[in-house]
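Work through the exercises below with the sequence and the model open. Try each task before reading its solution.

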Amino acid sequence: MPAVRFQGGDTVMGRWPGSSLYYEVKVLRYDPKTQLYTVIYKDGTELELKDGDIKSLTGFKQGSSRSRSRSRSRSPGRTRRSRSRSPARTVRRSSSRTTEVRKEKFKEVLEVRLTPVAVPLENNSNNRHEKKEENDTANKVNEKTEEESENQVGSRYNLRRRKDQGDGRPVELEKKFEAILPQATPREAVKTTELEFGGRFGVLFWLLFLPVMVLALLILCAQEDASLLKFPLAPPPLHSLWDCQVFGIVLLWLLFQAVLSLLPIGKVVEGMPLKNGKTLKYRINGFYALIISAMAIGAASYHEVDLSYIHGHFLQFYTSALIISVLLSIYLFIRSRRAAVDDLAPAGNSGYVFYDFFMGRELNPRIKDFDIKFFCEMRPGLIGWLVINFGMLLAEMKHKNLDTPSPAMLLVNGFQLLWVADGLWHEEKLLTMMDIVYDGFGFMLAFGDLAWVPFTFTCQAYYLAGHPSDLSVFWIVAIIIMNVVGYYIFRKANSQKYAFRRNPSDPALSHLKTIPTATGKSLIVSGLWGFVRHPNYLGDLIMALAWSLSCGFNHAIPYFYLIYLILLLVHRNARDERQCRKKYGLAWGEYCKAVRYRIFPGIY
């Protein structure tokens with residue numbers, strides 16, 4: 001075990017992550033397991049640094065002094081040799097003089113001062129006078145690909161050279177580093193030390209449990225009595241789980257959606273900056289894909305294609321999607337072994353095979369311009385969800401000899417169509433979510449996108465196809481009002497978050513109050529975002545309750561989605577809280593005091 005060079009309370013020089021800048025910090029503690037120092041900057045920000053990123057104050061200053069003296073000194077006994085030059089000879093600059101100039105410039109770049117930002121509550125309209133150039137410069141230096149907080153934005157770093165401290169002109173750091181610093185040596189990938197989902201043994205459980213749980217849910221929904229106590233103990237026969245024709249249909253559906261995603265329609269936008277400062281481009285045409293898919297399904301129905309076939313072979317469709325998601329995960333894991341350091345996800349590089357396979361090692365796996373993760377997140381699963389719902393609607397009419405679908409089935413289909421259409425209409429906003437900017441693409445997301453979403457989110461429609469729910473007019477009206485309220489909160493909160501993140505100086509957002517942070521981003525503490533920390537989660541849960549209530553109270557199975565969503569969002573909130581507390585330091589504490597409740601007002 002390496003020796004501990006610094007103790008708690010020592011004042012040292014710590015390198016700011018992602019840059020070559022050193023600031024004066026105080027050591028709080030040392031973790032021998034992770035071999036990381038926890039330090040605090042003058043503005044209250046706490047970070048964990050490796051031993052190589054910390055220098056003693058004495059060594060740091062002496063290193064700068066020796067660098068300058070070597071470039072300027074000359075041996076006392078050394079005499080200048082005078083040579084005559086022809087008039088046509090060009091004067092050459094001495095190499096020592098060049099070195100002197102380069103090191104002086106390098107010194108200027110390193111000697112950058114971080115001006116602490118005050119934490120008091122302020123109104124967003126008071127900040128619009130700040131120069132756009134300062135915001136842009138600070139964003140390039142300090143922007144990270146993580147999107148831990150749902151309501152953070154803006155940049156307020158004041159980076160100035162010591163010699164020009166008073167003029168307030170921003171230093172163009174990126175250009176100076178490119179011109180002055182020598183060619184960077186290859187970096188090693190940062191190991192993931194904080195393991196989630198129960199660590200390397202926990203993910204083994206989830207790898208086996210999740211596929212079996214979905215299968216059990218579908219078997220239970222298909223029973224005449226969907227009670228948990230009536231679950232069949234005998235495993236289903238093999239022919240009910242596999243069919244080559246069904247597997248071919250699933251492959252054709254994926255290919256069809258991939259072709260639609262590559263069509264040159266819709267705008268092209270840039271995603272969030274990556275660790276290396278670059279941004280990826282994305283084609284936003286998901287809503288067009290939804291319309292074309294709806295036209296294709298309509299044409300199939302017109303030509304008397306029996307879409308209730310989905311209901312009769314639902315287990316086989318699920319098994320096909322499961323196999324494809326596993327094969328895709330294996331491919332992604334193998335190709336990630338050759339991925340560059342900057343392409344790796346922060347949470348999927350632990351060195352444990354099953355953990356990295358589950359979490360995903362590569363952040364944005366691409367085949368040329370085709371982004372595999374972005375495609376799977378919104379296209380085949382979500383649009384497939386609607387196709388399955390429509391197949392269940394037709395199956396209900398066919399098996400119950402109905403001329404029109406039941407009110408409960410219409411409510412479920414209508415509510416979920418609105419949710420999916422809204423997501424595809426605002427597809428660009430997905431680029432700022434945790435799934436895209438932080439999580440790698442491994443089994444967790446591949447299985448979730450291709451198998452979990454289309455086969456568990458459809459459980460209400462699958463249940464209603466065999467278990468009718470008679471709703472009174474009162475309940476129909478109450479459920480519609482509940483879904484409308486939930487959708488309004490969900491959409492209003494997400495739109496406000498996205499607009500504030502993109503342009504905090506927008507006059508339409510001037511009424512919002514914010515807390516500035518040391519990273520340069522701000523946290524909204526008014527409006528819906530001052531009511532709870534995640535109002536979009538609250539709206540989503542209200543809509544999920546409306547979907548489940550449409551199925552009545554005879555069985556618990558239709559409420560599976562609601563229970564799952566509560567667990568998912570509470571867990572995601574815990575991940576977000578942990579990351580934000582580490583990143584924002586004291587400012588996050590002030591934010592939590594201003595907005596007390598996380599998701600449920602007065603409860604949690």
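**Exercise 1. Two sides of a helix**

Which residues are exposed on the other side of H7?

Some ground rules come before the solution. This is a predicted model, where local features need pLDDT of at least 70, side-chain atom pairs count only at pLDDT 80 or more, and totals for chains, interfaces and linings use all residues. Residues are numbered from 1 along each chain as its sequence is written, and side-chain values use heavy atoms, with hydrogens and water left out.

*Solution.* 
- Step 1. Buried means under 20% relative accessible area, exposed over 50%, and partly exposed in between (1.4 Å probe, protein chains only). Helices (H or I, at least four residues) and strands (E, at least two) are DSSP runs, numbered from the N terminus.
- Step 2. Find the buried residues. In H7 they are Gly286, Ala289, Leu290, Ser293, Ile297 and Ala300. They sit on the same side of H7, because they cover an arc of only 100 degrees around the axis. That arc is taken from the directions from the helix axis to the C-beta atoms.
- Step 3. Turn to the other side of H7. Met295 and Tyr302 are exposed there.
- Step 4. Look for the cover. Helix H6 (244-262), strand S11 (281-284), helix H12 (380-399) and helix H13 (407-425) are among what covers the buried residues of H7.

**Exercise 2. Check the helix length**

*Solution.* 
- Step 1. Look just past the helix. Glu304 takes a positive phi of about 60 degrees.

**Exercise 3. Salt bridges across the sequence**

How many salt bridges does the count come to? Then place three of them.

*Solution.* 
- Step 1. Set the rule: a side-chain nitrogen of Lys or Arg within 4 Å of a carboxyl oxygen of Asp or Glu. The count comes to 15 salt bridges.
- Step 2. Take Glu196 and Arg578, whose side chains meet at 3.4 Å, N to O. Glu196 lies in the loop between helix H4 (173-180) and helix H5 (199-222) and Arg578 in helix H20, so the pair ties together parts that are 382 residues apart in sequence. Glu196 is buried at 7% relative accessible area. Arg578 is partly exposed at 40%.
- Step 3. Take Lys281 and Glu270, with closest N and O atoms 3.2 Å apart. Lys281 is in strand S11 and Glu270 in strand S10 (267-270), so this bridge joins parts that are 11 residues apart in sequence.
- Step 4. Take Arg491 and Asp422, with closest N and O atoms 2.6 Å apart. Arg491 lies in helix H17 (473-502) and Asp422 in helix H13, so parts that are 69 residues apart in sequence are tied together. Arg491 is buried at 13% relative accessibility. Asp422 is buried at 5%.
- Step 5. Look for shared partners. Salt bridges join Glu196, Asp439, Arg575 and Arg578 into one network.

**Exercise 4. A glutamate in H20**

Is Glu577 buried or exposed? List its contacts beyond four places in sequence.

*Solution.* 
- Step 1. Locate Glu577 in helix H20 (560-584).
- Step 2. Read its relative accessible area. At 8%, Glu577 is buried.
- Step 3. Apply the contact rule, heavy atoms within 4.5 Å. Leaving aside neighbours within four places in sequence, Glu577 is in contact with Arg533, Trp588, Cys592 and Arg598.
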